[in-house]
Amino acid sequence: MPVRAFLIAVALWLAAASSVLASDMTVQQFMAIADRIPHNPTAILRSDTHQLIGVVKQAVLTVKAEQASAVQAGRPSATCIPPSGTGITAQTLIARFASLPASRRGDSVTQAVRDWMAERYPCAP
């Protein structure tokens, strides 16, 4: 019976984790989780780390999809991210989010990434 209870608990946790990912967590939620992750090589083994990586990957995919959609429709895009990638590293992302004013910490990770990419990779007029 204890094994079954454990499996149920894991299934519930996975469902909750995926719902946070799907609902696009806020910068504040992201930073709260990131603050609990140790800064050592074992961090990559943690489920929290994988969750945050997934959130950022989804945010980048969303922004890139918006860019592609705008280009395909002949509309101006807010971003012109190069095909070579965004250049986001864990360190630059944490520094960027930490530099946001408190009034912006309630923004979704996707919105924060969207704003950052618009600043970093603006489209030429």
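Isoleucine 94 touches Phe30, Met31 and Ala34 when residues up to four places away in sequence are not counted, a contact being a pair of heavy atoms within 4.5 Å. Isoleucine 94 belongs to helix α4; helices here are DSSP runs of H or I with at least four residues, strands are runs of E with at least two, and both are numbered from the N terminus. With a relative accessible area of 32%, isoleucine 94 is partly exposed, on a scale where buried means under 20%, exposed over 50% and partly exposed in between (1.4 Å probe, protein chains only). Aspartate 35 lies 59 residues from isoleucine 94 in sequence, and the C-alpha atoms of the two are 9.6 Å apart in space.

The model is predicted, so local features need pLDDT of at least 70 and side-chain atom pairs count only at pLDDT 80 or more, while totals for chains, interfaces and linings use all residues. Residues are numbered from 1 along each chain as its sequence is written, and side-chain values use heavy atoms, with hydrogens and water left out.

Turning to the chain as a whole, the protein has 5 helices and 0 strands, in the order α-α-α-α-α from the N terminus on. Of its 125 residues, 29% count as buried. Among contacts between residues at least 6 apart in sequence, 67% join residues at least 24 apart. The chain exposes about 7,900 Å², of which carbon and sulfur atoms supply 65%; the areas come from the Shrake-Rupley method with a 1.4 Å probe, and for residues only the protein chains shown count as cover.

Helices α2 (27–36), α3 (47–72) and α4 each supply at least two lining residues, and α3 gives the largest share, 6 residues. By class, the lining has 15 nonpolar, 5 polar and 2 charged residues (nonpolar: Ala, Val, Leu, Ile, Met, Phe, Trp, Tyr, Cys and Pro; charged: Asp, Glu, Lys and Arg; polar: the others, Gly among them).

The structure also holds 5 salt bridges, each a side-chain nitrogen of Lys or Arg within 4 Å of a carboxyl oxygen of Asp or Glu. In one of them, arginine 96 pairs with glutamate 119, with the closest N and O atoms 3.0 Å apart. This pair links distant parts of the chain, 23 residues apart, from helix α4 (residues 90–99) to helix α5 (residues 109–120). Arginine 96 counts as buried at 19% relative accessibility, whereas glutamate 119 is exposed at 55%.

Arginine 104 meets aspartate 107 in a salt bridge of 2.6 Å, N to O. Aspartate 107 is partly exposed at 22% relative accessibility, as is arginine 104 at 26%. Arginine 104 also forms a salt bridge with aspartate 115, at 2.4 Å between the closest N and O atoms. Through shared partners, Arg104, Asp107 and Asp115 join into one network.
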